[in-house]
Amino acid sequence: MNRLTAGSTAAVLVLFLASCSTFDGTPPPEDGGTYESIDDLQEAVESAGLVCQELVLDTPPSKYSASSASCSEFTYLAIYTDDVHLEAQLDFWRPVGQRAVNVGKNWTVVSEDPKLIQKNLGGSVIHTGP
């Protein structure tokens, strides 16, 4: 392969990969930031690539959250009014083994792909249970 062909192939590959990416160059906030509503969190989760076709609100919301909902059997979203309620929820989940949970400043996402959520929304991943 000559240099021109190799260079052209590399340029095309870079353009192709860039067009497939949804990353706009701005990394997510390290602490995960905050969301005003469960709908905003759902939109962010979907933008990250996790399917959430039907958001089913919990009525009333879970004990510690301001708003909570599920997208499927394995995807659960929640928004909290303050750190106290968020920490209470995490303390509740720790002994029952809730799997991996993505945690932002005022939100949690339980899903099958916590690394995808963290990569796109920031925050941290904690593992609950023994």
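I traced an open sheet of 6 strands, ordered E1-E2-E3-E5-E4-E6, with antiparallel pairing. Strands E1 (56-57) and E6 (124-127) sit at the edges with a single partner strand each, so one side of each has no neighbour in the sheet. For my own record, strands (E, at least two residues) and helices (H or I, at least four) are DSSP runs numbered from the N terminus, and two strands count as paired if DSSP finds at least two bridges between them.

This is a predicted model, where local features need pLDDT of at least 70 and side-chain atom pairs count only at pLDDT 80 or more, while totals for chains, interfaces and linings use all residues. Residues are numbered from 1 along each chain as its sequence is written, and side-chain values use heavy atoms, with hydrogens and water left out.

Next I looked at E4 (residues 100-103). A hairpin through 3 residues joins E4 to E5, and 3 bridges link E4 antiparallel to E5 (residues 107-110). Asn102 has Val109 in E5 as its bridge partner. I then checked E6: 4 bridges join E4 to E6, again antiparallel, and Ala100 is partnered with His127.

Which way do the E4 side chains point? Ala100 and Asn102 go one way, Val101 and Val103 the other, and all are buried (under 20% relative accessible area, 1.4 Å probe, protein chains only; exposed is over 50%, partly exposed in between).

Last, the helix: H2 (residues 38-48) lies across E1, E2 (67-72), E3 (75-79) and E5, at about 135° to E3. Helix H4 (residues 114-121) packs on the sheet, touching E4, E5 and E6, its direction making about 10° with that of E4. Contact means heavy atoms within 4.5 Å; axes are lines fitted to C-alpha atoms, for helices over the stretch in contact, with angles from 0 to 180 degrees between N-to-C directions.
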